[in-house]
Amino acid sequence: IANRTGFRARIWKVVTKQTLLATGAHERPLVFDNNDLPGVMLSSAMADYAALYGVRVGKKIVIATNNDTAYQDALILNKAGAEVTVLDTRTGTVFSGSAIQLAVQAGVEVFQGITPVTAQGEQQVSGLLVMTSTGALQTIACDAIGMAGGWNPIVHLHAQAGGKIAWNKSSVAFKPAAQTDQQACIGACNGTW
């Protein structure tokens with residue numbers, strides 16, 4: 001390093017005629033008391049540990065959700081040998097959707113109208129206190145809790161490049177308002193799941 005001559009660092013500015021953004025989406029956590037207890041994590045992370053690394057994060061897993069993607073995660077965790085229960089905050093969800101139907105057929109327990117209240121345990125998860133649609137409280141024993149609160153498109157680069165974002169009611173998230181001649185967003189970045 002002492003004998004080095006010239007510039008030590010360079011900044012390259014690349015200008016393109018068109019940019020294609022495929023930055024994906026972030027999974028939203030659900031908000032409930034004690035949701036930072038060890039053993040509480042995003043359900044997609046739980047599924048990734050099982051599918052990519054062969055690691056099962058728990059034997060008795062509860063997934064709290066408000067959307068359909070939790071059922072894909074439940075299937076993966078079920079195949080990894082976990083006993084999986086999905087608690088869906090929604091009511092009246094039709095079980096004919098492919099992932100939901102497959103999860104139920106695989107033996108995943110599904111309950112609707114259930115809201116997570118408090119993750120229980122001292123050093124690790126031992127249960128989840130939930131509220132039913134009637135307002136009754138009950139505890140469900142588990143050793144891991146997955147959260148699936150939906151997805152937010154990653155629109156940061158789009159916005160930094162001058163693109164506008166707008167609230168999309170059907171996606172329940174902000175997504176690019178319009179494509180430009182210089183920039184296009186595709187996939188989850190555009191709210192296309």
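Author: Helices here are DSSP runs of H or I with at least four residues, strands are DSSP runs of E with at least two, and both are numbered from the N terminus. The model is predicted: local features need pLDDT of at least 70 and side-chain atom pairs count only at pLDDT 80 or more, while totals for chains, interfaces and linings use all residues. Residues are numbered from 1 along each chain as its sequence is written, and side-chain values use heavy atoms, with hydrogens and water left out.

Reader: What makes Tyr-49 and Tyr-53 about one helical turn apart?

Author: Tyr-49 and Tyr-53 both belong to helix 1 and are four residues apart, which means a separation of about one helical turn. An α-helix has 3.6 residues a turn, so residues three or four places apart point the same way.

Reader: Why is the pair of Tyr-49 and Tyr-53 called tilted?

Author: Rings of Phe, Tyr and Trp (its six-membered ring) pair if their centres lie within 6.5 Å; planes under 30 degrees apart count as stacked, over 60 as edge-to-face and the rest as tilted. The centres of Tyr-49 and Tyr-53 are 6.3 Å apart and their planes stand at 55 degrees, so the pair is tilted.

Reader: How many aromatic pairs does the structure hold?

Author: The structure holds two. Trp-167 and Phe-174 form an edge-to-face pair, with 5.1 Å from centre to centre and 75 degrees between the planes. That angle is on the edge-to-face side because the cut-off is over 60.

Reader: What does helix 1 lie across?

Author: Helix 1 (residues 43–53) lies across strand 3, strand 4 and strand 10, and runs at about 85 degrees to strand 3. Contact means heavy atoms within 4.5 Å. Axes are lines fitted to C-alpha atoms, for helices over the stretch in contact, and angles run from 0 to 180 degrees between N-to-C directions.

Reader: How do you know that strand 3 and strand 10 pair?

Author: Two strands pair if DSSP finds at least two bridges between them. Strand 3 (residues 40–42) and strand 10 have three, in the parallel sense, and Leu-42 stands opposite Met-147. Strand 4 (residues 60–65) joins strand 10 over five parallel bridges, with Val-62 partnered by Ile-145. These strands belong to an open, parallel sheet of five strands in the order 3-10-4-5-6.

Reader: Why are strand 3 and strand 6 called edge strands?

Author: Strand 3 and strand 6 (109–112) each pair on one side only. Strand 6 runs parallel to strand 5 (residues 83–88), with four bridges between them.

Reader: What makes strand 10 mostly covered?

Author: Five of the five residues in strand 10 (residues 144–148) are buried. Ala-144, Gly-146 and Ala-148 point one way, Ile-145 and Met-147 the other.

Reader: How many strands are in the sheet ordered 7-8-9, and how are they paired?

Author: That open sheet has three strands, paired antiparallel. Strand 8 (residues 127–131) and strand 9 are joined by five bridges, and Leu-128 is opposite Ile-140. Gly-135 sits in the loop between strand 8 and strand 9; its relative accessible area is 41%, so Gly-135 is partly exposed.

Reader: What makes a set of residues a nonpolar core?

Author: Such a core is a set of buried Ala, Val, Leu, Ile, Met, Phe, Trp, Tyr and Cys residues joined through side-chain atoms within 4.5 Å. The largest has 19 residues, and those with the most contacts inside it include Tyr-71, Leu-77 and Val-84. Helix 2 gives the largest share of this core, five residues. A second, separate core has 16 residues, among them Ala-64 and Cys-142. In soluble globular proteins, nonpolar side chains tend to be buried together.

Reader: Which residues is Val-84 in contact with, leaving aside its neighbours within four places in sequence?

Author: Val-84 is in contact with Ile-61, Ile-63, Ala-74, Leu-77, Asn-78, Val-108 and Glu-109. Of these, Ala-74 and Leu-77 are among the buried residues of helix 2 (residues 69–79).

Technical notes: Buried < 20%, exposed > 50% of the residue type's maximum accessible area, 1.4 Å probe, protein only.
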